[in-house]
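Here is a short briefing on charged side chains that pair up. Look at the chain first, then read the points below.

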Amino acid sequence: MAAGNTATGAKEMNDAETAGPKTLAIDIGGTGLKASVLDESGKMVTKRVRVPTPKPCPPETLLDFLAKLTAPLPPHDRISVGFPGVMRDGRIITAPQFPDKAWLGFPLEDAISKRLGKPARMLNDAEVQGLGIIAGQGLEVVLTLGTGLGSAMFSNGAPTPHLELAHHPIRKDETYNDYVGNLTYRAIRKRKWNKRVLKMIKIVYSLVHYDVLYLGGGNAANIVVPLPANVHIASNDAGITGGIHLWDEHVWRHCR
């Protein structure tokens, strides 16, 4: 398995030899696995690497792919991981993109730490992306439009208890995943999908009355309709760069 056109870590660290720990940030998605190394400020010090997510993908397969994906990256001191599901204390509770039963209760945080040889911290992938986006004021919501729908909420910069909107009904027997997920985006007209995104935005506002909503994920780039003034499209790189905040002890206290 190749990681694409990835330069060796040594060259790309020339301008990043700053003091402070380096963080290996991993973004686990239903269609792609991505990783980079961050400096102390959260800036990527090497190009992001990506490979398609293997199908099927039981835990040991994922660990094998992550080990190969991250092997060419520069040295690092710790690991941050975003995973598309619900977790408690590093164990997977739900993994909708990975239907293998072996995921139920799997201690992924600890398994990644042991496999890659560094301490690791893990959060839901939308929460990691949100930490790289939010301003830290008021009630901020992050929705990621990718393989499915990811969701996260923050109150004055602190993550709130996780709300898994993806599997909540939004229309008749359709969940948010069914309504705006990638399979639907590919199956209906782009304009119709955009109208669904606008309806979703209104429903989420009526549910939580957020101050600001951020839309991330790969399909956020396909939004072509005007958005409300307090709704912004965010960089998908935040799924990587947000990983630096998992090692902010003030933030982590709210996560655990």
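The points below cover the salt bridges, pair by pair.

This is a predicted model. Side chains of opposite charge can pair when their charged atoms come close. Here the count comes to 7 salt bridges.

**A pair between two loops**
- Arg48 and Asp237 form a salt bridge, with their closest N and O atoms 3.7 Å apart.
- Arg48 sits in the loop between β2 (32-38) and β3 (49-52), and Asp237 in the loop between β14 (231-233) and α8 (238-241), so the pair ties together parts 189 residues apart in sequence.
- Arg48 is partly exposed, at 37% relative accessible area.
- Asp237 is partly exposed too, at 31%.

**A pair within one helix**
- Asp110 and Lys114 meet in a salt bridge, N to O, at 3.1 Å.
- Both lie in helix α3 (residues 108-116); because they are 4 residues apart, about one helical turn separates them.
- Asp110 is partly exposed, with 39% relative accessibility.
- Lys114 is exposed, with a relative accessible area of 66%.

**A pair between a helix and a strand**
- Glu249 and Arg121 form a salt bridge, with 3.1 Å from N to O.
- Glu249 belongs to helix α9 (residues 249-255) and Arg121 to strand β7 (residues 120-124), so this pair links distant parts of the chain, 128 residues apart.
- Is Arg121 buried or exposed? Arg121 is buried, because its relative accessible area is 14% and buried means under 20%.
- Glu249 is partly exposed, at 41%.

**A network**
- Salt bridges link Arg171, Glu174 and Arg196 in a network.

Key
Residues are numbered from 1 along each chain as its sequence is written. This is a predicted model: local features need pLDDT of at least 70, side-chain atom pairs count only at pLDDT 80 or more; totals for chains, interfaces and linings use all residues. Side-chain values use heavy atoms; hydrogens and water are left out. A salt bridge is a side-chain nitrogen of Lys or Arg within 4 Å of a carboxyl oxygen of Asp or Glu. Buried means under 20% relative accessible area, exposed over 50%, partly exposed in between (1.4 Å probe, protein chains only).
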